[in-house]
Amino acid sequence: MTEIIDTTTDHPRSDPGGRARRGGEPVRAPRARGKARQLVVGGVPRVDLLPGEVHVSRRQRAVVRRVWAGVVAMAVAVGLLAGWASLDRMAAEQDLTTAQGETVTLLQQQLRYRDVRVTEGATTLLKAAQQVGGSTEVDWAATLRSVQSKLPAGVKITGLTVDSASPTQSYAQSDDPLQGARIATLTFDASSSTLPSVPEWLTSVRSMRGFVDANANSVARADDGSGYRVNMTIHLNEKAFDGAYAATNATKG
């Protein structure tokens, strides 16, 4: 491209008085300055001769390119999200497969120890049965020693009858509303060389474990004249249960 540039040219230099010398004669400098044209090669054109439709088309193509760039970026983002979701799903499936494998292994191990589990179940059932069956047990040996210790010196127990509740049947209660609830009845015969003080006997047995009440059924002289015979009944409540099986199972557990 070529361009013509206008430049200004200076007229002959004037003297300090404002006059130029020409052929030795001073002359008045012209007021107007002339312009010279200079040819420049390779310059930028200053005149745009393209139609307006070309510029509009260029701008539209630029907009279309930006739109397509946005579409491509969106497609790439969607592809990345889809890939991440696919990887996450694969990881979840892998975890599920691992968990299923562990479950199968545990089931196999349980089958190996099936007999042990059956034995443990039977043992637990046996302990429960022992606890239920022994829930109404009374330590009669200790109870009789306690009764004997409460009697006066020289008195001996000669006969004994006991009746207690069972695990499957509740103990029959008295029809007398003044008598307390009981789980066992102890009836015994005792011999004494002297006439016993029955009120003292009844008072002494009150400190027995599980004591409810006591009655002297009869006091009679022995037929052979050797002393006196006393028949006494003592009722016991649930505190008389020994709880041996429950304590044993709790200790083993």
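## Strand 6 and its partners

Ser-192 stands opposite Tyr-228 in strand 8, at a place where strand 6 (184–192) and strand 8 (228–236) pair in the antiparallel sense over 9 bridges. Strands here are DSSP runs of E with at least two residues, helices are runs of H or I with at least four residues, and both are numbered from the N terminus; two strands count as paired if DSSP finds at least two bridges between them. This is a predicted model, in which local features need pLDDT of at least 70 and side-chain atom pairs count only at pLDDT 80 or more, while totals for chains, interfaces and linings use all residues. Residues are numbered from 1 along each chain as its sequence is written, and side-chain values use heavy atoms, with hydrogens and water left out.

Strand 6 is also joined to strand 5 (residues 156–164) by 8 bridges, and these two strands run antiparallel; Val-162 stands opposite Leu-186 in strand 6.

## The nonpolar core

The largest nonpolar core has 21 residues, and those with the most contacts inside it are Phe-188, Trp-201, Met-208, Ile-234 and Leu-236. Such a core is a set of buried Ala, Val, Leu, Ile, Met, Phe, Trp, Tyr and Cys residues joined through side-chain atoms within 4.5 Å. At least two residues of this core come from each of helix 3 (140–150), strand 6, strand 7 (211–221) and strand 8.

Once neighbours within four places in sequence are left aside, the residues in contact with Phe-188 include Val-147, Leu-151, Ile-157, Val-230 and Ile-234, contact being heavy atoms within 4.5 Å.

Leu-195 is found in the loop between strand 6 and helix 4 (198–204), and Leu-195 is exposed because its relative accessible area is 60%. Not counting residues up to four places away in sequence, Leu-195 touches Val-219 and Tyr-228; Leu-195 and Tyr-228 are 33 residues apart in sequence, and their C-alpha atoms are 6.3 Å apart in space.

## The chain as a whole

The protein chain has 5 helices and 8 strands, which run β-β-β-β-α-α-α-β-β-α-β-β-α from the N terminus on. Of its 253 residues, 18% count as buried. Among contacts between residues at least 6 apart in sequence, 69% join residues at least 24 apart.

Definitions and conventions. Buried means under 20% relative accessible area, exposed over 50%, partly exposed in between (1.4 Å probe, protein chains only).
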